[in-house]
Amino acid sequence: MEIIRSRRGLIVACCVFLLALIAGGENLPQNIKRNCSYTVTIQTTCTKGADTSDHVSLRFGDEKSNDMIVHHLNSKHVRQVDPLQPLVLDDNPRKPFQACLVDEFQVTGQCMESPICYLYLKLSGSDDWRPGFAQVEALEESSLSSKSFYFRRYLPRNVWHGSDLCSKEITPFGIRHKRKVFKKTPVP
């Protein structure tokens with residue numbers, strides 16, 4: 001009789017343990033970081049010498065410090081589109097960042113939690129490059145897509161250059177931006 005009670009207690013303890021595991025497991029999918037897809041659109045201006053064949057990197061993110069870096073954006077090139085019409089000029093792979101053209105790139109990475117509000121470009125090499133605008137479209141949730149970020153000037157080399165449109169606080173001394181602290185990410 002004693003053995004049956006101890007086994008009954010063991011069975012009850014195992015059932016309680018299993019129920020606790022199942023109940024705790026409901027939160028697992030929320031803790032797993034998922035990847036999202038983005039279409040990046042970048043226009044190169046029509047100024048003479050505005051094109052580049054150098055490597056271009058992209059950094060964008062949201063107010064909640066979700067930061068995504070794309071090294072060598074050139075390798076993610078999908079197609080060129082007509083800047084005046086939403087028609088695809090050519091689906092064949094071509095060199096991106098040609099003068100007077102709009103290029104689209106497909107990138108995948110960390111999902112944003114709020115709308116994309118900052119975007120920086122970095123040019124590595126010896127060419128000059130003059131982008132007109134850049135925009136990021138979140139494919140899974142369009143409400144997280146960015147507005148257009150305008151450049152219309154030659155980019156300095158080897159430094160991040162762009163705009164931060166994230167929330168600002170107006171003080172008697174001027175506009176105060178929230179400070180961005182970027183995590184160090186290993187270079188692949």
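Modeller: This is a predicted model, and the structure holds 3 disulfides.

Biologist: In what pattern do the bonded cysteines pair along the chain?

Modeller: Counted along the protein chain, the bonded cysteines pair as 1-4, 2-3, 5-6.

Biologist: Which cysteine does cysteine 36 bond to?

Modeller: Cysteine 36 is joined to cysteine 111, with 1.8 Å between their sulfur atoms. The link of cysteine 36 and cysteine 111 is right-handed, with 95° about the S-S bond. Cysteine 36 sits in strand E1 and cysteine 111 in the loop between E6 and E7, so this pair ties together parts that are 75 residues apart in sequence.

Biologist: Is cysteine 36 buried or exposed? And cysteine 111, buried or exposed?

Modeller: Cysteine 36 counts as buried at 7% relative accessibility. Cysteine 111 also counts as buried, at 12% relative accessibility.

Biologist: What about cysteine 46 and cysteine 100: how far apart are their sulfur atoms?

Modeller: The sulfur atoms of cysteine 46 and cysteine 100 are 2.1 Å apart, and the two residues form a disulfide. The pair links distant parts of the chain, 54 residues apart: cysteine 46 is in the loop between E1 and E2, and cysteine 100 is in the loop between strand E5 (88-90) and E6.

Biologist: And why does cysteine 46 count as exposed?

Modeller: Cysteine 46 is exposed because its relative accessible area is 53%, and the cut-off for exposed is over 50%.

Biologist: Which residue is joined to cysteine 117?

Modeller: A disulfide joins cysteine 117 to cysteine 166, with an S to S distance of 1.9 Å. The torsion about their S-S bond is about 75°, so this disulfide is right-handed. Cysteine 117 belongs to strand E7, while cysteine 166 is in the loop between strand E10 (161-164) and strand E11 (168-171), and the pair links distant parts of the chain, 49 residues apart. Both cysteine 117 and cysteine 166 are buried.

Biologist: Let us turn to the overall fold. How many helices and strands are there?

Modeller: The protein chain has 2 helices and 12 strands. The order from the N terminus on is α-α-β-β-β-β-β-β-β-β-β-β-β-β.

Biologist: What share of the contacts is between residues 24 or more positions apart?

Modeller: Such residues account for 70% of the contacts in the protein chain with a separation of 6 or more.

Biologist: And how much of the chain counts as buried?

Modeller: Of the 188 residues, 33% count as buried. The protein chain exposes about 12,400 Å², and carbon and sulfur atoms supply 56% of that area.

Biologist: Which residues touch the most other members of the largest nonpolar core?

Modeller: That core has 27 residues, and Tyr38, Ile42, Phe60, Leu119 and Leu121 touch the most other members. The elements that give two or more residues to this core are strand E1 (35-44), strand E2 (55-62), strand E3 (67-70), strand E6 (102-110), strand E7 (116-124) and strand E8 (131-138).

Biologist: What does phenylalanine 60 touch?

Modeller: Leaving out residues up to four places away in sequence, phenylalanine 60 touches Tyr38, Asn66, Asp67, Met68, Met112, Ile116, Tyr118, Leu119 and Val136.

Biologist: Finally, how many salt bridges does the count come to?

Modeller: The count comes to 2 salt bridges. In one, arginine 59 pairs with aspartate 67, with the closest N and O atoms 2.8 Å apart. Both arginine 59 and aspartate 67 are buried.

Biologist: And which residue forms a salt bridge with arginine 157?

Modeller: Arginine 157 pairs with aspartate 128, the closest N and O atoms being 2.6 Å apart. Arginine 157 lies in the loop between strand E9 (149-150) and E10, and aspartate 128 in the loop between E7 and E8, so the pair ties together parts that are 29 residues apart in sequence. Arginine 157 counts as partly exposed at 37% relative accessibility, and aspartate 128 counts as partly exposed at 40%.

Key:
Residues are numbered from 1 along each chain as its sequence is written. This is a predicted model: local features need pLDDT of at least 70, side-chain atom pairs count only at pLDDT 80 or more; totals for chains, interfaces and linings use all residues. Side-chain values use heavy atoms; hydrogens and water are left out. A nonpolar core is a set of buried Ala, Val, Leu, Ile, Met, Phe, Trp, Tyr and Cys residues joined through side-chain atoms within 4.5 Å. Buried means under 20% relative accessible area, exposed over 50%, partly exposed in between (1.4 Å probe, protein chains only). Helices (H or I, at least four residues) and strands (E, at least two) are DSSP runs, numbered from the N terminus. Contact means heavy atoms within 4.5 Å. Accessible areas come from the Shrake-Rupley method with a 1.4 Å probe; for residues, only the protein chains shown count as cover. A disulfide is a pair of cysteine sulfur atoms within 2.5 Å. A salt bridge is a side-chain nitrogen of Lys or Arg within 4 Å of a carboxyl oxygen of Asp or Glu.
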